[in-house]
Every structure is written in structure tokens, then in C-alpha cells.
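Please look at the sequence and the structure before reading on.

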Amino acid sequence: MSASLYVTPYNGSTDGADAGYTTDVTDLNQFYESGDFAWIMTSAALVLLMIPGVGFFYSGLARRKSALSLIMLAMLSIAVVDFQWFFWGYSLTFSHTGSSFIGDLSNFGLMKTLAQPSVGSTKIPDLLFCLYQGMFAAITPALAIGAAVDRARLLPCIVFIFVWATIVYDPIAYWTWNPNGWSFQLGGLDFAGGTPVHISSGAAALAFSVMIGKRTGYAKSAGLPYRPHNVTHIVLGTVFLWVGWFGFNGGSALAANMRAVMACIVTHLAASVGGITWCLLDYRLEKKWSVVGFCSGAIAGLVAITPAAGYVTPWAAVIFGIVGGIGCNFATKLKFIMGVDEALDIFAVHGIGGIIGNLLTGLFAADYIAALDGFTAIPGGWINNNYIQLGYQIADCCAGFSYSFVLTCIILFVLNLIPGLSLRVSADNEELGVDDDQLGEFAYDYVELQRHTSDGLPISAELPASAGGRAGSSKSSEGPEKMV
């Protein structure tokens, strides 16, 4: 029977990949706390919940003719990346051996991935670390692929997710979190994914928008003006994300300890302040309390605090929420300056929000907060008089953003040249809607009915006269109603 409070020190091989059987024990559980297992398994489930949350959030922001496809792309990201993570993703990212840029295939197909202490923390084994980090790998392309809204075919998106996870996400996550990675060794601080998740997905969304081109009817000065079709979906997605972020940031302590609790505290605080900040910024213009604005601000605060959650104090989290909310709000105007049709503001919220969070981490990281787990020692940021830390954070931001942007452009350029993998739907199908063209299904039952109201009417059918019009000249008699 394994101990639940006091564990046996791991005595197996740690030089390379090893399943744990070199320990010559029958119960491999004895090296780990059951409480840590419970918290990280719960956190993995919470992060998984965030991915359909992304789908609902994007779906609500979009037009109804693309609503279901965005939810589908989020779910496909789970399935595609789960296989990629099993196949070679985990090994390339978190193998015990490798270069300063990428891991090796010593854990290919999850071989020898069991009880050896993980590269992330000696508190949890490889197998549990693989489960938890696999959710991070799945949500990142789900964030980026929202740039496909209204105009992209699903098959190339599926291929893109697999290739992008391998070529872009895995190397960035490796150099950030693997002890062999160059950024980790340099001294960069990224607690839960400022660069691997948010900056990389924001840069990828910007690159995707550039490569696939503007939607029909897009104007540089005004974009493609339409209101989010379902604010309830936006709120639902925000709830999924906000709750899931407790596992995203709190679980990144990789143990059940005081540092995990502090990460949850600052995460919740930054989200709350970010939501209020964005809402007030919108109120100054419209004199309305925008629900979409509040939800966007909460996400901005969550993004900003992500790299700092295990390093900063609660008072600093208030600053993260305010600066994150303001910075991301104004960053939504950058797409008009650049002339890029980045429809869902993924670059503004995740790309710019991740950069803001990384830079503020260099200022407010505190050695005594990191030490709450009982063993982590960092030099801290500016509040610990470690001024070089900001330079490390800038280097990490620039490397992650530029690598993701350039590689995403290359991947999309090559995909578009392959027969059958052209990125964009035809102009007619874009007008029809991606849901209808690519899925043949709709987010709402009434949509299909509304689109085909005239199908069952005889051509000679006469309709009652309406105010201001002739008998038989009703809108529905002229053909299917255009859906937006």
C-alpha cells in the first residue's frame, strides 16, 4: 500500500527515458503523493473543458452561418492533437534528453512514459505530466484556428492543426518549459504558457488571416461590420474558460501546494479586474455596459496573468488585469492599421495579451511567491532588483512571436499548393456559409428552415398583402433569405 503523505525517494534511472521499472519495486505509486495526483488530474479535466469554451466563445462572436464550424474546429483540435501528442508530440516537447531547441523521440508513442519523475516536476510522473500538458497542446491550435472563420475549408484546417502542433507548438513549449531548452536555461519565466500558448496562437492567427485573405465585403476602414450573433454563447464560453483557467494556471504548480492556491487567487483577480476595465473603456464610448466587452476583458486579464500566475502577488495581479484589459482593448484597432481581416481579435487578446503578461512578469515576479511550493528558487524580477529579467522576457517574446508567425505562413503557403488542400472556400460558398458548405449542418434548427422557406410554396401561390406592398410580393416569395 502506497503512502499518501510521506513518499519514498525515487531510486530508478534518471539519465534518459525510463518507465520506472529500474526501481525494482512493485508499487510505483509510492514515489508520489496521492493529493498531487488528484489535483493535476482534476486540472487536466478543467483545461479540457476550456477547449469547447473557446469554440463557444468564437461561435458567439461570429455570424450564425459560421457558428457551428467554429465549435467543430475546437473539438477537432482536441482529437487531432491528442493523437499527435501520443504519436510524437510529448516526446518532442518533454523528453528527458534533447537539444536546446527540440526534444528527441525517446518517448515516441509514449514508450517508457510511466513512473519516472517528469521534466516539469519531480512531484509527478511522466504519465501524469503527459496527460496534463497534452491539454495545453490541444487548446493552443484551437485558439489560433479561429482565424479561419467564414472562409476556410475544414480538411486543410485539420492538416494544419497536426503540422502546426508539431512544427510550431512543440519547439516553443520545449525551449520554454523543458530544462534543456534555451529559454529555460537563459532564465526566462513563463509559468503557464504566455509564449507557448498565447503569443504563439496570437501570431499564428495573424499569419492565418494574412495568408487566407480578407472576407468578401471587408473594408479596411470599417472591417466587416456585424454584431456578434449570440452573446449567450460568448458568456457560456467565458464561463468555461474562466473556470478552466483555475486548472490551467493553478495546475501549473504541478502539485497541490500553496503556490497552486496563489496561482488560482491571482488568476481570478486578474480576470475580474480585466473584465471591469474593458467594460469601462467601452462604456466611455457607447454609454452601455457591454456584456461582450466584459467577457473580452476577463479573457484579456486571464491571458496576461498566465505567464506570471506562479510568480506574482495579489496586488500585482490587479495591475495585470488593468494593463491587460487596456492593452488588449486598444490592440483591437491594430488590424485596421495593418489592413488585416483578423475577425475575432485573437491576435489582440492572445498575442498582445501574452506579450503584456510576459513583460509584466519581468517586473513583478517575486522570489518569495515562487518559493511557496517549497523548492522553486528564482532571482525574481524588478521588485527583487533583478533588472536583467525583463531582457530575458523580451527575448522570449520576440523569439516565440516571430517563430510562430513565420512558420505558420510557410505551413499555410505549402498547404495551399497541395491538391485538395486549398485553404479557402469558393466565393459562392463563402456567401452561403461555411456551416452549410463544409458541414451540411447548422447551429440552430431554424436556420435551415429560414433559408428555404420558399421551397414548399407553389410558384403561383398568392400571399396576403402586407402594409406598403402588393399581394404576392412578400420577401419569402422572392427566394431564400440571405443569412448572416
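Three cavities of 30 Å³ or more turn up when the whole structure is searched. A cavity here is a set of points, on a 1 Å grid over the protein atoms alone, where a 1.4 Å probe fits but cannot get out; its lining residues have an atom within 4 Å of a point. Grid points are joined across faces, edges and corners, and a volume is the space filled by probe spheres set on the points.

This is a predicted model, in which local features need pLDDT of at least 70 and side-chain atom pairs count only at pLDDT 80 or more, while totals for chains, interfaces and linings use all residues. Residues are numbered from 1 along each chain as its sequence is written, and side-chain values use heavy atoms, with hydrogens and water left out.

The table gives volume and lining classes.

| Cavity | Volume | Lining residues by class |
|---|---|---|
| Largest | about 90 Å³ | 11 nonpolar, two polar, no charged |

The largest cavity has a volume of about 90 Å³. It is lined by 13 residues, of which Val54, Leu143, Leu241, Ile299 and His350 are the closest to its centre. At least two lining residues come from each of helices H1 (34-61), H3 (126-144), H6 (194-212) and H7 (231-250), and H1 gives the most, with four. Helices are DSSP runs (H or I, at least four residues), numbered from the N terminus.

Around the second largest cavity, the lining includes Ser69, Asp150, Arg151 and Val434. Helices H2 (67-94) and H4 (154-177) each supply at least two of its lining residues; H2 gives the most, with three.

Alanine 62 lies in the loop between H1 and H2. The C-alpha atoms of alanine 62 and valine 149 are 7.4 Å apart, although 87 residues separate them along the chain.

The protein chain has a mean pLDDT (the predictor's confidence in each residue, from 0 to 100) of 90, and 90% of its residues reach 70 or more. Over residues 447-483 the pLDDT is below 50, and this stretch has 31 contacts in the model beyond near neighbours in sequence.

How values were computed: On a 1 Å grid over the protein atoms alone, a cavity is a set of points where a 1.4 Å probe fits but cannot get out, and a pocket is an open set with protein on both sides within 12 Å along at least five of seven lines; lining residues have an atom within 4 Å of a point. Ala, Val, Leu, Ile, Met, Phe, Trp, Tyr, Cys and Pro count as nonpolar, Asp, Glu, Lys and Arg as charged, and the others, Gly among them, as polar. Contact means heavy atoms within 4.5 Å.
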